[in-house]
Amino acid sequence: MGKGIVLTKREEELMDFLWSYGQPVTSNEIRELCPAHSWRENYLQVMLRSLFDKGMLEQVGSVRYGKQYARQFRCTMSKEEYFVALAAGKDLNKRHFVRAAVAMAAGESVKERQALIEELEQMLRDFPDEAEKEEQSK
């Protein structure tokens, strides 16, 4: 996703569902699984196309429904990655993210802060560095 891409309120609602669902899905399945949202088929197709064009979704296959096929989509990034990219589009630097994380953790108990630190350390160990990413892409 490029810098500066912002989701509309409705696109973000759809992405929230897709992020929580966590697996490839067709528009038919979205309509079945989201009865609270009465998205019309045409409107849902417009949103899916827009999210695809913005790089938020990728097509990963198709599913047959009777005599027709429906495209299956999945998210190209997590909700957290989207919000980081959104903030990065606002020219925030890494120090702003660190300060924001510290400010959020400051209100927690000592036990909760320690658990958060351990989780962050594990995430950093698990996250491939740029050199590893380049090696894997070759």
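Me: What makes Arg74 and Glu58 a salt bridge?
Reply: In this predicted model, the N to O distance between their side chains is 2.6 Å. The cut-off is 4 Å between a side-chain nitrogen of Lys or Arg and a carboxyl oxygen of Asp or Glu, so the pair counts.

Me: How do you know that this pair links distant parts of the chain?
Reply: Arg74 belongs to strand 3 (residues 68-75) and Glu58 to strand 2, and they sit 16 residues apart.

Me: Why is Arg74 called partly exposed?
Reply: Its relative accessibility is 40%. Buried means under 20% and exposed means over 50%, so Arg74 lands in between. Glu58, with 29%, is partly exposed too.

Me: Why is the contact of Lys54 with Glu11 called a salt bridge?
Reply: The closest N and O atoms are 2.7 Å apart, and the limit is 4 Å, so this one qualifies. Lys54 lies in the loop between helix 3 (41-53) and strand 2 (57-65), while Glu11 is in helix 1, 43 residues away.

Me: Is Glu11 buried or exposed, and what makes it so?
Reply: Glu11 has a relative accessible area of 5%. That's under the 20% cut-off, so Glu11 is buried.

Me: What about Arg10 and Glu13?
Reply: Their side chains meet at 3.0 Å, N to O, which is within 4 Å and therefore a salt bridge. Both are in helix 1 (residues 9-21), three residues apart, so about one helical turn separates them.

Me: How many salt bridges does the whole structure have?
Reply: A search finds five.

Conventions
Residues numbered from 1 in each chain as written. Predicted model: local features only at pLDDT ≥ 70, side-chain atom pairs only at ≥ 80, totals over all residues. Heavy atoms only, no water. Helix = DSSP H or I, 4+ residues; strand = E, 2+ residues; numbered from the N terminus. Buried < 20%, exposed > 50% of the residue type's maximum accessible area, 1.4 Å probe, protein only.
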